[in-house]
Structures are given as C-alpha cells and as structure tokens.
Amino acid sequence: MSTKKPLRSKLASTASRSAAALSRATGRGDGSVIGGKIGLMIDPNLLENLAAGRKIALISGTNGKTTTTRLTAAALGVAGDVATNSLGANMPTGHTTALARAGHTPYAVLEVDEHYLPQVLTATKPHVVALLNLSRDQLDRAKEVAMMADMWRTMLKSVKVRVVANADDPMVTWAALAALDSGGQITWVAAGQRWRDDSWVCPECGSHIERADADKPITAGETGASDDWWCTGCSLRRQMPDWEVDGDSVVDPTGDKHSIALALPGQVNRANAATALAVVAQFGVRAADAAPRLSEVKSIAGRYAQVDRDGRSIRLLLAKNPAGWLEAFEMAEDAPTLLSINARDPDGLDTSWLFDVDFSSLHGRTVYITGDRAFDLAVRLEVNGIPFTHVAAFADAVAAVPAGRLEVIANYTAFQDIRAELDRVN
Amino acid sequence: MSTEATSSNGAGESALRIVWVYPDLLSTYGDRGNMLILARRATLRGVPVETLEVRSDEAIPRNADIYLLGGGEDGPQALAAERLIADGGLQRAADQRSVVFAVCAGYQLLGSSFFAKGEKHAGLGLLDIDSDRGPARAVGELAGETDPRLKLPMLTGFENHGGRTHLGPSAKPLAHVKVGVGNDGATEGAWNESLLGTYSHGPALARNPALADLLLGWATGQPELDPIDDQWPDKLRSERLTAIRT
C-alpha cells in the first residue's frame with residue numbers, strides 16, 4: 001500500500017484519533033463524530049487523504065444501509081482488512097474518524113447518508129457505490145425523494161464509478177442508469193421494494209409507472225414476472241437483475257446459488273445480503289467464499305438484538321420511516337408487540353407518516369404503545385381498527401406480557417431509550 | 001398502493017362518496033389519513049361510505065360528496081394542476097357544492113396561481129387565493145384560533161411548505177395564527193361555501209376531529225352529528241397544544 005500522507009494529514013489524523021479517544025473517555029460520545037470534526041478542521045482534505053490508496057465501497061439509500069455496510073464489511077474481510085464506520089456515523093466526519101481509527105487497511109466499506117453521497121464520492125473516489133432504495137424519510141428536513149434521485153443521477157453522470165443498484169426501485173434505477181453516460185458499469189440486484197408509494201410517477205417524464213402486479217409488494221426471495229415495472233410514457237423500465245434472492249439463497253449472475261444462513265431476520269436482510277455479495281464481487285471476492293461470513297453479523301447497535309429479561313425474550317427492531325415499518329412488520333413474529341414513537345430532532349418532528357403505514361398486519365396481536373408521541377400512534381391505530389393498550393414506559397409493557405417473546409418496534413430515539421434500559425445492548 | 005380498507009366500500013346509491021384526488025401525485029405525508037378518518041367518523045354515525053382513489057390518468061368522478069387533495073412536491077403539484085384543469089371534473093363538483101378539502105400543495109392549487117419549480121402556474125381558481133414563494137420554508141407546529149362562524153376549537157397541525165398564500169375578498173381565513181406561519185404569519189388556510197384548505201399538512205383531521213365533522217356535516221346536510229368517543233384525538237390535541245405553549 002502506498003500510504004504516504006502529507007504531514008498535515010498525519011497530524012490531523014492523530015489529532016482526530018486523540019479527540020475521539022477523549023470523547024469516549026469523558027463519556028460524551030462514542031467519538032465517531034468529534035474525532036473527524038477536529039481532524040477536518042486541521043486538514044480539510046483529510047478524508048481524501050485517508051481514502052487514498054484504499055479500495056472503497058460506499059453504501060447508501062434510505063433504509064438498510066447500516067446493516068448492508070456491516071454485511072459487506074464482513075464479506076470483504078475474505079480479501080483483507082476492512083475499515084468501516086460500523087457505528088452508523090455516516091457523514092464525512094464519521095468517515096474521517098473511521099478511516100483514521102482503522103489505520104492502514106487495503107479496503108474500506110462506508111455507509112453514507114444519502115444527502116452526502118456526491119460529496120463523499122468526490123472525496124473518496126470509491127471502487128463501487130451501492131444504491132439500496134429511496135423513500136420518504138423525515139420530510140421536515142430531508143430532501144424530497146425525487147430531488148434525492150435527481151441529485152444521485154447528476155452525480156453519476158459526471159463521475160465514472162461501478163454501481164450496484166436495486167432493480168426493483170424505479171427511483172434508484174433512474175438514478176443508477178446515469179452511470180452509463182459516464183462509462184460506469186451497473187450491476188443490478190433484485191433487492192425488493194415493499195413500500196411503493198414514492199415511485200408511482202416516473203422521475204424522467206411524469207407518467208404513471210405500471211407494475212405487473214399492482215397489489216403485490218415486491219419482496220426479495222419471491223422473484224418472478226410479477227416483479228416487473230415500467231413507465232407508461234417513456235423507456236424507463238426494470239432492468240434484468242444480475243443478482244437475486246431465492247428463499248435462503250442468493251443467486252449470482254452465473255446462476256449459481258449460495259446458501260446464506262443469516263442471523264438477521266426478514267426478507268429485506270436477505271436482499272441486503274445479496275447486495276453485499278454483489279458489491280464484494282466487484283472486488284474479485286467470490287460469493288461462495290463470502291457467503292459464510294454473512295452469518296457473523298448478529299445485531300447492529302442493538303438492532304435485531306434479543307435480550308432475556310424476567311422470562312421475556314425481548315427483540316428490538318428499529319423502524320424509522322414508512323418503508324422501514326413495513327419491513328419490521330414482516331420480520332416480527334406473531335407475539336405481543338410494543339410500538340414506541342418519539343418525534344425528537346433525530347426522528348424528525350413530524351409524525352404524519354404514521355398514516356402512510358398500514359398497521360393491519362398487527363391484527364390479532366396484543367399491542368402496547370408508548371413513547372413521547374404515543375397519542376399520535378393511538379389515533380392512527382384507532383383509525384386502523386387495531387386494539388391497543390397505552391403504557392407509560394417500556395418496563396410496564398415488559399411487566400404486562402406473559403413469558404416468551406416480546407417484539408419491540410421503535411423509531412430512532414425511542415429505540416435508543418429502550419436500548420439504554422437494556423444496558424445499551426449491541 | 002396501500003390496501004388498508006376503509007369501513008365500507010361500494011355501499012351503493014345512498015353511500016357518502018369520498019374521492020381522494022390523485023394519490024399518485026398528491027400524497028406526500030400521511031394524506032391518506034384524512035380519507036380514513038372521514039370514513040371512520042361517518043361509519044360510526046351509521047352513514048355508509050364509499051371511498052375512491054382516483055389516479056391522475058383517470059377521470060374525476062362527478063357525483064361524489066367529498067373530494068380530498070393532499071400535499072405534493074413541486075413537479076407533481078404542477079402536473080396535478082394541469083391535469084385537473086384539463087379534466088374539469090373538480091370545478092364542476094365544486095359548482096354543485098360538493099365538499100372539497102385540500103391541504104398544502106392541494107390547497108395552493110385551488111387558487112388562481114401558485115409557484116412550483118421557480119415558475120408561476122395557473123391553479124383551478126376555485127378559492128379566491130393566490131400563492132407565491134416565502135422568504136424561508138415554514139416547517140413546524142401550526143396552531144390558530146379558527147373562524148368563529150365555523151364553531152371549531154383551536155386548529156392544530158404541522159406545516160411544511162415554502163409558499164405564502166394571499167387571500168382575496170371572497171376567501172375567508174380558516175384561522176388566525178398563534179404558532180407557526182400558515183398563509184403569511186397572520187392567517188392560516190381559507191374557506192368559502194363548501195371549499196376548505198389548510199397548510200396543516202398530511203392527516204390534518206387526526207388532530208382536528210371537529211373539522212372532520214364540519215366537513216361531514218356540509219356533505220350530509222346534517223350539521224349536528226352524534227358525538228363519538230374521541231378520547232384519543234382529545235389526548236393528542238391536548239398534548240400538542242400543551243407542547244407548543246412550553
């Protein structure tokens with residue numbers, strides 16, 4: 001590896017690591033943001049310099065980027081040491097810290113906030129970028145979906161890069177196809193699209209996007225002709241996928257099936273695994289070698305974690321937006337379920353998305369609700385015809401359910417509150 | 001799209017017909033909620049309901065009782081206005097005193113003109129309002145004292161829009177702003193006869209059950225509807241109205 005860095009970068013990198021250590025030692029944070037902030041103040045090109053000499057994959061999208069980053073980093077471990085921002089600090093300061101902390105590694109897999117993707121792409125010159133999905137998420141501050149797709153498309157028009165993209169998401173497909181203009185190469189993954197209410201209108205021409213089966217959500221693992229979609233007004237349409245999920249296997253472009261024994265629940269995570277294998281294939285790593293590594297990933301900062309408490313087996317599922325809630329319902333077992341909603345800064349202050357989520361699949365389950373904004377949820381569930389019990393706190397729900405499984409589905413800060421009560425379970 | 005069933009569908013001639021206009025274009029954040037809430041509150045009063053989602057490549061039905069328009073991004077908003085003007089069905093329905101309830105982008109396009117993607121677009125001209133761009137995006141809690149003629153309690157909602165709306169002489173403000181921006185920092189929303197628009201976006205009726213009942217009263221011609229158990233909407237209202245005071 002040629003890792004000769006300018007002196008300023010070396011200094012910045014060291015200062016960045018010290019600040020991160022200080023942040024952790026004083027208990028003020030996990031260090032993943034502050035370290036990078038200080039480093040970038042000393043050397044504005046620090047991220048660029050830290051990235052130089054590494055072969056990098058960037059993972060972005062509205063949902064699943066933390067999990068897919070973890071799966072990809074595990075899979076790429078077959079080839080050598082991998083730097084990664086596994087704490088979910090997915091903006092440039094977090095990337096800077098992750099790379100500085102990792103020291104010299106031949107590879108890096110970085111989760112990137114979708115807004116920052118153009119900036120990070122320019123700074124890190126990645127070998128491959130994976131585009132998972134785009135859907136509504138915190139509209140009180142995030143860019144609207146069409147604007148985000150347009151931003152990605154503009155980015156790919158001017159930078160030549162390998163792209164791994166979700167063929168089932170029309171907005172992602174439209175953005176990814178721009179890579180052809182700059183001579184990039186696209187690998188398509190049939191990664192599913194359960195939430196479709198942000199992609200009925202063609203981003204290219206404004207016409208209606210037709211689905212082969214308008215009533216059946218597209219989920220990875222049940223592939224077939226019914227997954228097809230096309231614009232009724234222009235040439236935008238689903239591209240033939242190179243990678244697919246078939247039950248508990250991932251099918252590679254040659255048609256070979258690779259069995260994946262994931263510790264993570266849900267069809268969406270099998271799709272994330274397929275994306276991870278498609279990404280590492282761009283580094284020359286064979287799916288057969290990488291697939292066994294995927295089962296090493298068991299929980300991610302508390303997500304999917306299972307905790308035994310007073311005879312209850314509590315499982316934590318994080319859902320931050322309508323698409324994420326639909327995936328969480330698919331993962332959850334038929335068991336008593338606690339839903340917790342906050343609307344603090346990291347969650348977005350607007351709870352109106354609750355009416356975008358159809359809670360019908362909770363019918364017949366014992367449902368508890370809690371959180372700062374439990375009453376918003378109460379009104380929503382009442383309209384949805386789902387009986388529920390409001391509890392003041394997480395502990396009350398644990399006490400109320402019989403021994404056995406309790407599924408907990410919560411949005412970001414609500415999830416962190418509950419995780420704190422479970423001794424910051426990872 | 002979501003298959004969440006409303007209380008009853010296809011209830012026939014006597015049913016209250018609710019049309020959600022262009023959910024493919026105007027459905028940014030929880031807009032479905034208004035349709036679901038109206039349907040539920042009518043059904044609880046023994047009024048059968050038929051709901052219809054009309055896509056932007058379909059004709060607007062003429063003989064519905066309530067038409068709902070939601071919020072949308074700039075491009076879809078301009079497209080929706082264009083298609084609604086070409087279709088003409090919503091204007092005819094409004095002429096026949098059908099109820100139209102519109103939020104955010106849907107509210108703007110009921111006026112004579114609005115701005116989207118930096119350009120002025122013609123609206124439907126159903127409400128005497130016109131909209132332009134404000135100095136900054138209005139994002140946050142919105143609350144206001146409602147027009148006494150409507151006999152409604154305080155309006156509470158969440159707004160997220162870049163436009164500012166100016167009322168002409170025949171449009172009456174829905175509310176006077178206490179918190180937030182609304183039309184222009186002073187007034188919020190507008191109404192006239194059986195048309196009502198608000199910047200309280202998404203499922204505005206979730207926090208304003210009395211407003212939902214006002215619309216149902218207009219549509220059914222029965223201003224006094226039986227009371228229903230509103231403990232959860234009431235708790236939500238009181239929690240929100242307390243939160244904005246602190």
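**Domains and sheets of chain A**

Modeller: The domain assignment of chain A gives domain 1 (54-296) and domain 2 (306-421), with bounds that come from an automatic or database domain assignment. This is a predicted model, in which local features need pLDDT of at least 70 and side-chain atom pairs count only at pLDDT 80 or more, while totals for chains, interfaces and linings use all residues. Residues are numbered from 1 along each chain as its sequence is written, with chains lettered from A and ligands numbered from 1 in the order in which they are written.

The C-alpha centres of domain 1 and domain 2 of chain A lie 27 Å apart. Between them, 17 residues of domain 1 of chain A are in contact with 14 residues of domain 2 of chain A (contact: C-beta atoms, placed from the backbone, within 7 Å). On the domain 1 side of chain A, 4 of the touching residues are nonpolar, 7 polar and 6 charged (Ala, Val, Leu, Ile, Met, Phe, Trp, Tyr, Cys and Pro count as nonpolar, Asp, Glu, Lys and Arg as charged, and the others, Gly among them, as polar).

Now to the sheets. In chain A, 6 strands form an open, mixed sheet in the order 12-13-17-14-15-16. Helices (H or I, at least four residues) and strands (E, at least two) are DSSP runs, numbered from the N terminus, and two strands pair if DSSP finds at least two bridges between them. Strand 12 (306-309) and strand 16 (389-390) of chain A are at the edges with a single partner strand each, so one side of each has no neighbour in the sheet. Strand 14 (337-340) and strand 17 (404-410) of chain A run parallel, joined by 4 bridges; there A:Leu338 stands opposite A:Val408 of strand 17.

Two helices of chain A pack on this sheet. Helix 12 (374-384) of chain A touches strand 14, strand 15 (367-370) and strand 16, and its direction makes about 145° with that of strand 15. Helix 14 (412-421) of chain A touches strand 13 (312-318), strand 14 and strand 17, at about 150° to the direction of strand 13. Axes are lines fitted to C-alpha atoms, for helices over the stretch in contact, and angles run from 0 to 180 degrees between N-to-C directions.

Chain A also has an open antiparallel sheet of 3 strands, in the order 9-10-11. Its edge strands are strand 9 (244-246) and strand 11 (257-259) of chain A. Strand 10 (249-251) of chain A is joined to strand 11 by 3 bridges, and A:Ser249 has A:Ser259 as its bridge partner. Helix 9 (267-281) of chain A lies across strand 9, strand 10 and strand 11, running at about 135° to strand 9.
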